[in-house]
Amino acid sequence: MTYIVTVQDAVTAFADWMEPTDSELDAIEAEMPRILADVEALDVQIALLEQAPTELDERRARRGRRRVLSERATLANRASAGEAA
């Protein structure tokens, strides 16, 4: 008889040394405004897929894209200034 086993242990097995370091957590925290802006912009895009976009919806989409670009520019300026990337 052949047993079928899962590979979950290989996929989800994490040792203590595989946890994110403090610097990695700081980098994630520094990028959190951009991540949240991306999520909000995607939410608007998903909503627009389900219906015909109105003028207000198009404004929301443009505002979301501008916010994402603004957050990306802020992160790029911080990185070029030598702050946290």
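This is a predicted model: local features need pLDDT of at least 70, side-chain atom pairs count only at pLDDT 80 or more; totals for chains, interfaces and linings use all residues.
Residues are numbered from 1 along each chain as its sequence is written, and side-chain values use heavy atoms, with hydrogens and water left out. Local features need pLDDT of at least 70, side-chain atom pairs count only at pLDDT 80 or more, and totals for chains, interfaces and linings use all residues.

Reader: How many salt bridges does the count come to?
Author: Side chains of opposite charge can pair when their charged atoms come close. A salt bridge is defined as a side-chain nitrogen of Lys or Arg within 4 Å of a carboxyl oxygen of Asp or Glu. By this rule, the number of salt bridges is 6.

Reader: Which residue forms a salt bridge with glutamate 55?
Author: Glutamate 55 lies in helix α3 (residues 55–81), where helices (H or I, at least four residues) are DSSP runs numbered from the N terminus. The closest N and O atoms are 3.1 Å apart, and the partner is arginine 59.

Reader: Is aspartate 57 buried or exposed?
Author: Aspartate 57 meets arginine 60 in a salt bridge (3.9 Å, N to O). Buried means under 20% relative accessible area, exposed over 50%, and partly exposed in between (1.4 Å probe, protein chains only). Arginine 60, at 36%, is partly exposed. Aspartate 57 has a relative accessibility of 9%, so this residue counts as buried.

Reader: Which residues are linked with Asp38 in a network of salt bridges?
Author: Aspartate 38 and arginine 34 form a salt bridge at 2.6 Å, N to O. Both residues belong to helix α2 (residues 22–49) and stand 4 residues apart. The network links Asp38 with Glu31, Arg34 and Arg72.

Reader: What is the direction of α2 and α3 relative to each other?
Author: Axes are lines fitted to C-alpha atoms, for helices over the stretch in contact, and angles run from 0 to 180 degrees between N-to-C directions. The angle between α2 and α3 is about 160 degrees, and their axes are 9 Å apart. Angles over 145 degrees count as roughly antiparallel. The two helices are therefore roughly antiparallel.

Reader: How many residues of the contact of α2 with α3 are charged?
Author: Contact means heavy atoms within 4.5 Å, and the residues making it include Glu31 and Arg34 of α2 and Asp57 and Arg72 of α3. Asp, Glu, Lys and Arg count as charged; Ala, Val, Leu, Ile, Met, Phe, Trp, Tyr, Cys and Pro as nonpolar; and the others, Gly among them, as polar. The contact has 9 nonpolar residues and 1 polar residue, while the number of charged residues is 10.

Technical notes: Angles under 35 degrees count as roughly parallel, over 145 as roughly antiparallel, 65 to 115 as roughly perpendicular and the rest as oblique.
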